[in-house]
Amino acid sequence: MDQFLAFTVVGLSTAAIYAVIGSGLVLTHTTAGVFNFAHGAAGMLAAFAYWQLAVGWGWPVPAALAVVLLVLAPAFGLLAERVLMRPVQALGEAERLVMTVALLTGCIALARWVWDPNTPRPLAAFLAGEPALRLGPAVVTWHQAITMATALAIAGGLWFLLHRTRAGTEMRASVDDRALAGLTGADPLRAGRLAWVLGIQLAAVGGILIAPTVALDAQQLSLLIVSAYTAAVFGRLRSLPLTFLGAVVVGLLEAYLAGYLPQSDYLPGLRLAAPALLLLLALLAFPHRRLPGRDRTLVRVPLPGRRGGLVLAGCVLAVALVLVSVLTEDEVISYGTLLPIGVIALSYVPLAGYAGQISLCQLSIAGIGAVVWGHLGAHGALWALPVAVLVAAAVGALVALPALRLSGIYLALGTVAFATVLDRWIFTLPAFDVLGVRISLFDQGSVSVTGPDLFGLRLTSPTDLVLFSAFCLAVTSLGVAALRRGRFGRRLVALRDSEAAYATLGGRLLAAKVAVFALSAGIAGLGGALYGMQLQTVTADQFSLVAGLPVFLIAVVGGLGSVGTGLFTGLAYVVPVQLLDGLGGWAQNLPALLVALAGLGFAHSPAGVIARLRTQWTPLGRDRQLLTALLGVLALCWAVAVLVPAGGRPALAAALVAAMVLRNRAAARTAAPADVPPEWWGVRRPWRPEDGEVLSRATAAAS
């Protein structure tokens, strides 16, 4: 009994922290219409800042707490609301999701950049030297007592704010109907700012309270938010009492599993994955109302032509040819991973770009493809590659089963829960038997991966594997482009536009979702197998949820509806890392920070960078004379890079300068005079969207 009470006290103390963090999530969502995936990262930064002030610089604890909670946290909330979230407020929940994921990635990269993750930073509990309190047989430390008292005080304060003050009424009214709230005299912008400030302050309180009980690690502290996600979903993202109840359930579940879970090599990860499993069950079991802010301006999905697809495939093969002919063998291994990463990123195009289904577990599914190929293809048997694709597709179909029940933020949370379960439990399992079949994943270590045996030709060298990966990326890109032009692709776009209309017109929602999830997972599994071949050895950490977020962000920045997103993501993910690698340890986290900054700029180009690049480079592609000149310059630069030692970087710089000059020249050639008469619009210069309105007004004025 004493042991049970001890675990109960620990569970309630942890539950109090989850309740504080979860209430901040609910507050931000119910008042600003934003589910903040970076909520835990804000608490993580607050914990690091508190350690820096109280331990690193020796400030008194009250002064450190005051600066973090009353200055830094509100400033962070105001910055997030004004600079990051307000520009995408009208774009809808998917775009706001991207911004918060970018903020999460940036916060983790920033913390690792400022505070070396290899240096331990212990943080003492509050009043650690005072004797513990005794409540009968139970022992309660002062830190636990302060934590639970803080949670109760915050619960009462939030209830009073939301139901007994004008500011709270404004906050609740603004999320229901911002325009109507403004007509009644409320200020939606002020309500949004207050919600963000309070939400970040609550995250900071939770981060500071939990930091003494766990390692002060950026990724670990940020992912503790999964437990707060579960508590918030218990409250259906709007009820603070139910959120506190969910926090109690999660906290007690973790404590009792830690104390009573049987000793087994297969069960330690279950305790870590329990909040994610509970989150998934809560998402499936609880009814969810229509999310605020679902109305959105849809980004047009481009229709790729056959010529454009062939040009893209040629560019993929050209990139591979340059890599294997210019770089050394070690550099080929490092840069060659851009092609498998491109295949993984391409899996987002049919799923998120065409069908509008948000998934954050694609890299985790790619890990399944890598593991299956690593074990079945250990001797290079080519048949194991389609088996790896099929197994990954089956896992994707399994993920799709609850997709009919979930959508939007709820679907994103479900895929986060699935990836977390894989990270914390499934990938950590030792080998086991199922119906007499030996199943082995990472087996608590690493998996050696070799190249395939292609019709008697064993692909083992980095050069062979790069060319093979390029062939796979080119063929897959052509297939995804053909899918968009076909009937199934049109159905997926219709599904993205309106699920209700799709079902009303006779579409089978479950069949379509299962098919597109399986297809995208199969592509991700192929990319994971290719990634393992290139690296030769893979570990579970390489396919974690946090590792997959930069891939997702770069794919979003490139444009989820564009087939060229695969190649773009591979280049943007790998090349900056390799170029900055020689600058020293200080630049280690700089690429992830740059990716996050690019994701935060998503509001300025929702259609993606590739659409803008296509518009800028189309005139050069249509000018045969300048295009021929460009191809000649590129061939000359390639020859110089191959034949001249250390000529790779100068040749690359010369090629980029020549391409920019010729592009500008082509744009100048196609630029039409400004004084073209209206009757020649569309003939002597391209037709513009605003021309129709101008002509209509002129005709109306003349009549």
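**Entry 1: G451**

I began with G451 and listed its contacts, leaving aside neighbours within four places in sequence: W373, G380, R458, L459, L465 and M533. I note for all entries that the model is predicted. I then looked up where G451 sits, and found it in the loop between strand 5 (446-448) and strand 6 (453-454). Is G451 buried or exposed? Its relative accessible area is 4%; I record G451 as buried because this value falls under the 20% cut-off. I also checked P462, which is eleven residues from G451 in sequence. From C-alpha to C-alpha, G451 and P462 are 9.3 Å apart in space.

**Entry 2: helix 24 and helix 26**

I turned next to a pair of helices, helix 24 (residues 545-558) and helix 26 (residues 590-600). Their axes lie 9 Å apart, and the packing angle is about 40 degrees. I therefore describe helix 24 and helix 26 as oblique to each other. The crossing of helix 24 past helix 26 is left-handed. Which residues meet there? From helix 24 I noted P550, L553, I554 and V557; from helix 26, V595, A596, A598 and G599. Sorting the residues of this contact, I have seven nonpolar, one polar and no charged.

**Entry 3: aromatic pairs**

I asked how many aromatic pairs the structure holds. The number is twelve, and I looked up two of them.

The pair of F4 and Y256 is stacked, with 5.2 Å centre to centre and 15 degrees between the planes. F4 belongs to helix 1 (residues 2-32) and Y256 to helix 11 (residues 240-260), so this pair ties together parts that are 252 residues apart in sequence. I find F4 partly exposed, at a relative accessible area of 34%. Y256 is likewise partly exposed, at 23% relative accessibility.

The pair of F48 and W115 is stacked as well, at 5.0 Å centre to centre and 25 degrees between the planes. I located F48 in helix 2 (residues 39-56), and W115 in the loop between helix 4 (93-114) and strand 1 (133-135). The pair links distant parts of the chain, 67 residues apart. F48 has a relative accessibility of 3% and counts as buried. W115, at 13% relative accessibility, also counts as buried.

**Entry 4: an aromatic cluster**

Lastly, I returned to F4 and Y256 to see which cluster includes them. I record one aromatic cluster formed by F4, F7, Y256 and Y260.

Note on methods: Residues numbered from 1 in each chain as written. Predicted model: local features only at pLDDT ≥ 70, side-chain atom pairs only at ≥ 80, totals over all residues. Heavy atoms only, no water. Axes fitted to C-alpha atoms, helices over the stretch in contact; angles between N-to-C directions. Helix = DSSP H or I, 4+ residues; strand = E, 2+ residues; numbered from the N terminus. Parallel < 35°, antiparallel > 145°, perpendicular 65-115°, else oblique. Left-handed = near helix turned anticlockwise from the far one by under 90°. Contact = heavy atoms within 4.5 Å. Nonpolar A, V, L, I, M, F, W, Y, C, P; charged D, E, K, R; others polar. Phe/Tyr/Trp six-rings, centres within 6.5 Å; stacked < 30°, edge-to-face > 60°. Buried < 20%, exposed > 50% of the residue type's maximum accessible area, 1.4 Å probe, protein only.
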